[in-house]
Amino acid sequence: MKPIRLIVISASVVAALVLLAAVVVFSSAFQTWAFRRAVAGTPGVHLAVERVSAGFRYVDLTEIRYEEPGLRLHAPAVHIELDVLRAVWSRQFAIASLTAEGWTVTLVEPVAPANVPPSAASEPARQPANEGTPPVAASGAPAALTPTTFAGVFDPVRLPYDLAVDHLAVRGQVILPADRGRVLVDMSGGGLGAGRRADFKVNAKATFRDETVNAVTAEGNLVATMDTPRTLTEVGLRLDATASGGQLTAPVPLHAELGARRSGAAETYSVRVTRGDRRLAALQAEFPNHGKDQLTGAWQLDVRHVDLAPFALGWRVPQFSALGEGTFETEPSLATVHATGKLDATFENLAVLKPDLAVLGAIKLSADLDVARQGDVLTVGKLDVAVATSNGGAPAAADSAWRAVGTIRALQPFQFTAHAREVSAADPARDLIGIALEGLPLEWLRPIFPQVQVTGSNVRGELVATPRAGGFSFRTRVPLIVRNLELRHRGKAVLQHLDLSLSTSGDFTPEGWQAEVNGFTARSGEARMLLLDAKAGQLAGANQPIKATGLLSVDLGALLAQPLAAKLLAIDRGDASIEFAASLGRRQEIQANVRVKNLGLPSGASANVALPAVSATVRADIAEDGTVTVNVPVTLVREERTSDVTVAGTYKPARGGGTFDGHALSQHFDLGDARVLGEMLPPKAGDGASATPAWAGLKGTVGVQLKELVYSRTLTLNNVIGTLRLSGDAVKFDNLRAAVGEGGAQANGAVTFSAQKRPPYGLNADLSLSDVDPGPLLASVNPGQPPTIEGRFTINSHLQAAAASLEELSHGAAGDFQLTSRSGVFRGLSVNVGNLVENSSKLATWLASAGHAITSLAGKKPDYDEITSRSQAANELARILSAIAYDQLSIVVSRDALGQMNVKEITLISPEIRITGTGRSLGAPGRSLGEGFLALEYQLRARGRPAELMKYLGVLDPKPDNLGYASCTIPVRVQGTLAKVDTTELSNRLVALAVEKTGLTEKAVDWINRLRGK
């Protein structure tokens, strides 16, 4: 019993497992999971099914959704009757019935990606490197395309399983894009199987939201014959369509037949579209299965827009007509193609395709071709293409309304081998191709450059190509000419009233190519604004660079009169030339000699300013990684004076900018020449503030080495050495040093920029000078006279400034200057002693005698035996004050942002004189510090001989300080300039003292002033 029981139990368990497996396999949940898993493993398929239910004789799919770009499918249910096990195990799909009703296909027009300009959205997607593009041969020419073999129509559709369909019923709708309308589709029939001819009836009805056509109905049959369960021998479609409603006065019929048939010898294809008795289009082709295996055929066209527009399913169709015929033949690999044909076509109202095409107007095209390609060899037996346009772009009703645009004609048969760059022709002495531009409208450029509007005369000219050295040469037989050219960008004028002329020539041979521009000229009225002569070429072979040379001459006055450059410079004349040479390959080398001369400013206050002639040699080497090495020596020549500077270094580009490390060198540079160039800059609108600094995006260091820097006619700096460090918001100068005469100067600080501040530029710097003698500077301002101050000074200052631009920054520098000197001569109280004696000697003599007489009568004796008269005392004191040899001189000056100077403190110490004082110096535009108006007040203290003289004259305070200096009681005020001090008031005081008598001081001063004509 036990073995039998064991067998029964085991059998029961196996049966239960089989039953459980069957329940699971035929469970809808399991089937749905398995289907989804299979679909998920298929890349590129976006298919979703809500429910799968299958039995032994049926498969039901519910809520099917499928998407791909431009299309969405939704089918609520699909019911298929077939032997499921036979289909799974034997791959025999014998479908008794397939029903799909209520499905919807929604067509969606592609949308341009965000942030992509419309013109870019319409361009084909760029392929990754080495994908989808032909390989490049070593010579640089495209290599032969990889052959794509044509295997006929029927072999590629050989099924991987047996198929038979007894009955098919498919009903649904297609929704057109932008809600243009919808098409109801009903397809039914059957009989597809081995040895049978299937027949499916097709009915479609389309309704549109269109005022031209409201509806299109189509009826037809789709037939197919299978010779085996997996292969077809015949496919054909016949349709009769009718458009009606809208603006159609009568229904428009259209008949179409498409077919493909395979026999034992060949496959034949045919397409025929007719409207009544007119054949609109026809194609006949044959592809033999054996033998030469060459696809041959012929085509015909006789179609107009009125024939096809009613059936365009709501899409707009431009007006057109096309009449032509031709033949073609090719082998299965498509490596050899031969085509002949003639075509006459016209196109109007192209704006319905794209608004920018409206500028093309009506176009007429005539072509007669006989061309062949075998591998990379192109044979041209005949090429004759002519393009014309109608006057004013209006539709042309007659041949007389057309205006020729241009022609391209092969003047003799020839062959072109791409990889060898070789052209061969029967007669090397005859021209190959002629291109004649008889009236190419400039407006036709607008679809290519949608943001640019170009107007002017039509382009005229003629080019020809001639066989040469296995290639061809080309030249302009008639120069290309455009008159009265005007160009606008986004509605803003760029160029206007220009006449252009171009002559060109070149060669294209197996050794390489070369092109030459012979006198490209742009004229504005009578002025030749631009003249260019240039050559460019490239040798054959891998990685050969393109080399170019040329000379560009520019009339700057005419150029700056153009809107493009109207606000660049404030000059109205000048000549510029650029002689350049370049090698453009993996490493690019560019060299240019730039010359600018005869610069002139418009009439006005600055019209007589002499502008320098500028010359520069630019050398730039650009590595593969974008690193640029530059060397730019610049020379300025002005008033027989030459300034030079050379900028050299390396620029490494980076995201948002780059890094420059280099140096600036000069033997002699006059800042006055650079300042004069500033006159060429136009005045800035508003506050002139910029949103970015002048060095925006540039970082790095610049070493400065200037042998002689002329700051002004009175100040020259020698051996200027230092480093500039550029960052995003600042330019720092570290340890900038220079020699000033026999002394030296040093500066540290930074120029900063902040877009949030107004004005945005700032200066913060420390400046120090040591062992500087201002004497030569002051003497040069007042030649022939001793300088106001002689001595060696140490000057320390801290400067701050804010300005809207770099050029304004130095003018607004404010801060305190501390000047100290340990020895020297001070002539700030200089009095013309000779003049003083001349004006007062006689008067002083008898007044002095009278004074002595009065003193004698009073019974008094003079206290100063060595001082014989007031005149002597006054003159001797004047001599002492006129040139004070000091032991210490200290001056503290404060400069404000307007350039005004306040003298906070002056302290002079000498063995017998002490001076303290304050004052101010009012600067003036265009004047140096030494030329500014000066107003100072001094307090004199004296001891020794000066004190005795002052005491004799009665102007000394009897109480000395703890150092023995006593104060002078008369106020000392001077005016004039630092270079030429006006001490008239002091001189008058001393004259008055020379003739003074108690009680007569003011009258004596009055009298002396009258005598001197004051």
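This is a short walk through a predicted model, stop by stop, with what to select at each one.

Before you start, note that residues are numbered from 1 along each chain as its sequence is written, and that side-chain values use heavy atoms, with hydrogens and water left out. Because the model is predicted, local features need pLDDT of at least 70 and side-chain atom pairs count only at pLDDT 80 or more, while totals for chains, interfaces and linings use all residues.

**Stop 1: a surface patch**

Select Phe56, Leu85, Val88 and Trp89, which make a nonpolar surface patch of about 490 Å². Patches here are built from residues with over 30% relative accessible area and no salt bridge, joining nonpolar side chains (Val, Leu, Ile, Met, Phe, Trp, Tyr) within 5 Å and like charges within 9 Å. The areas come from the Shrake-Rupley method with a 1.4 Å probe, and for residues only the protein chains shown count as cover. Phenylalanine 56 sits in the loop between β1 (47–54) and β2 (58–68). Helices (H or I, at least four residues) and strands (E, at least two) are DSSP runs numbered from the N terminus.

Now pick arginine 91, in the loop between α3 (84–90) and β4 (92–107). Arginine 91 has a positive phi of about 55 degrees, although it is not a glycine. Its relative accessible area of 43% makes arginine 91 partly exposed; buried means under 20%, exposed over 50%, and partly exposed in between (1.4 Å probe, protein chains only).

**Stop 2: salt bridges**

The model has 34 salt bridges, each a side-chain nitrogen of Lys or Arg within 4 Å of a carboxyl oxygen of Asp or Glu. Side chains of opposite charge can pair when their charged atoms come close.

Start with aspartate 166 and arginine 196, whose side chains meet at 3.4 Å, N to O. Aspartate 166 is in the loop between β5 (162–165) and β6 (168–175) and arginine 196 in the loop between β7 (181–190) and β8 (197–208), so this pair ties together parts 30 residues apart in sequence. Aspartate 166 is partly exposed at 43% relative accessible area, and arginine 196 is partly exposed at 33%.

Next, select aspartate 368 and lysine 382, a salt bridge at 2.8 Å, N to O. The aspartate belongs to strand β17 (residues 363–374) and the lysine to strand β18 (residues 377–390), so the link joins parts 14 residues apart in sequence. Aspartate 368 is buried at 15% relative accessible area, whereas lysine 382 is partly exposed at 39%.

Then move to aspartate 673 and arginine 638, where the closest N and O atoms are 3.3 Å apart. Helix α7 (residues 671–677) holds aspartate 673 and strand β34 (residues 628–638) holds arginine 638, so the pair connects parts 35 residues apart in sequence. Both residues, aspartate 673 and arginine 638, are buried.

**Stop 3: two cavities**

How many cavities of 30 Å³ or more are there? The count is two. A cavity is a set of points, on a 1 Å grid over the protein atoms alone, where a 1.4 Å probe fits but cannot get out, and lining residues have an atom within 4 Å of a point. Grid points are joined across faces, edges and corners, and the volume is the space filled by probe spheres set on the points.

The largest cavity has a volume of about 50 Å³. To see its lining, select Leu442, Glu443, Leu445, Arg446, Phe449, Val452, Gln453 and Val454. By class, this lining has five nonpolar, one polar and two charged residues. Ala, Val, Leu, Ile, Met, Phe, Trp, Tyr, Cys and Pro count as nonpolar, Asp, Glu, Lys and Arg as charged, and the others, Gly among them, as polar.

For the second largest cavity, of about 30 Å³, select Leu877, Leu881, Leu940, Met950, Val955, Cys968, Ile970, Leu986, Leu990 and Leu993. That lining divides into 10 nonpolar, no polar and no charged residues. α11 (870–882) and α13 (984–995) each supply at least two of the lining residues, and the largest share, three residues, comes from α13.

**Stop 4: backbone details**

Select asparagine 484 in strand β25 (residues 471–489). Asparagine 484 has a positive phi of about 50 degrees without being a glycine.

Finish at proline 759, in the loop between β41 (743–753) and β42 (761–772). The peptide bond from arginine 758 to proline 759 is cis, with omega near 0 degrees.

Technical notes:
On a 1 Å grid over the protein atoms alone, a cavity is a set of points where a 1.4 Å probe fits but cannot get out, and a pocket is an open set with protein on both sides within 12 Å along at least five of seven lines; lining residues have an atom within 4 Å of a point.
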